[in-house]
Amino acid sequence: MTDTTSIKHPAPLTSGDFTAAEEPFALFAEWFAEAVKSEPNDPNAMALATVDADGLPDVRMVLMKGYDADGFVFYSHIASQKGRELAANPKAALLFHWKSLRRQVRIRGSVTPVTDEEADAYFATRPKQAQIGAWASKQSQPLESRFAFEQAIAKFAAKYVIGEVPRPPGWSGWRITPQRFEFWHDRPYRLHDRIEFRRDAPSQAWSKLRLYP
């Protein structure tokens, strides 16, 4: 088969022509359900990009802990690097990369804190050791030694050896409300499929356009 033939008759998509979708959240739900079945580790892992006070980009992997029509939620320490950057500039970008499916989803939008009730409810579902770790960690702050961290863990493990572990006051979550979605699907010879959904406010309808690869 020649290159020209492959362009005229491209390989089929794995689950229909996703570029016909008219609404991004439903398409994300379909892709995420497939990723849950195919990804060996953490299909809910996403890169979170922020910027610091000097406008220097910062990126790290976090775990999505929920999503709906209002946005995508993750949790961490408020005083962490990401927490400080989001407080100063409440905008962010997300990237899901599902290598097993050869797909990516990019999301950009505004960021708001979750409610205390939401943070409490999620924190209560975490394993007890993870709850204790949230108390022991001063995330993103200098740590003199691993032993000092282990001592802090032991301290809070003893404090909360009996009963429920409350949510630390410096631990909460954020919700990214999308203004842009981009769905990317790998195709042979880098002839990928890309579609973008846009809206400037949650009350607006989504517009869609197809992008060159």
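How many residues lie between E1 and E2 in their hairpin, and which turn residue has a positive phi? There are 5 residues between the two strands, and Gly55 in the turn has a positive phi of about 80°. Please keep in mind that this is a predicted model, where local features need pLDDT of at least 70, side-chain atom pairs count only at pLDDT 80 or more, and totals for chains, interfaces and linings use all residues. Residues are numbered from 1 along each chain as its sequence is written, and side-chain values use heavy atoms, leaving out hydrogens and water.

**The hairpin**

- Strands E1 (residues 45-51) and E2 (residues 57-63) run antiparallel and are joined by 7 bridges; strands pair if DSSP finds at least two bridges between them.
- Leu48 has Arg60 in E2 as its bridge partner.
- Helices (H or I, at least four residues) and strands (E, at least two) are DSSP runs, numbered from the N terminus.

**Helices H5 and H6**

- H5 (residues 128-136) packs against H6 (residues 146-159) at an angle of about 120°, with the axes 9 Å apart; axes are lines fitted to C-alpha atoms, for helices over the stretch in contact, and angles run from 0 to 180 degrees between N-to-C directions.
- The two helices are therefore oblique to each other (under 35 degrees is roughly parallel, over 145 roughly antiparallel, 65 to 115 roughly perpendicular, the rest oblique).
- Ile132, Trp135 and Ala136 in H5 meet Phe149, Ala152, Ile153, Phe156 and Ala157 in H6, with contact meaning heavy atoms within 4.5 Å.
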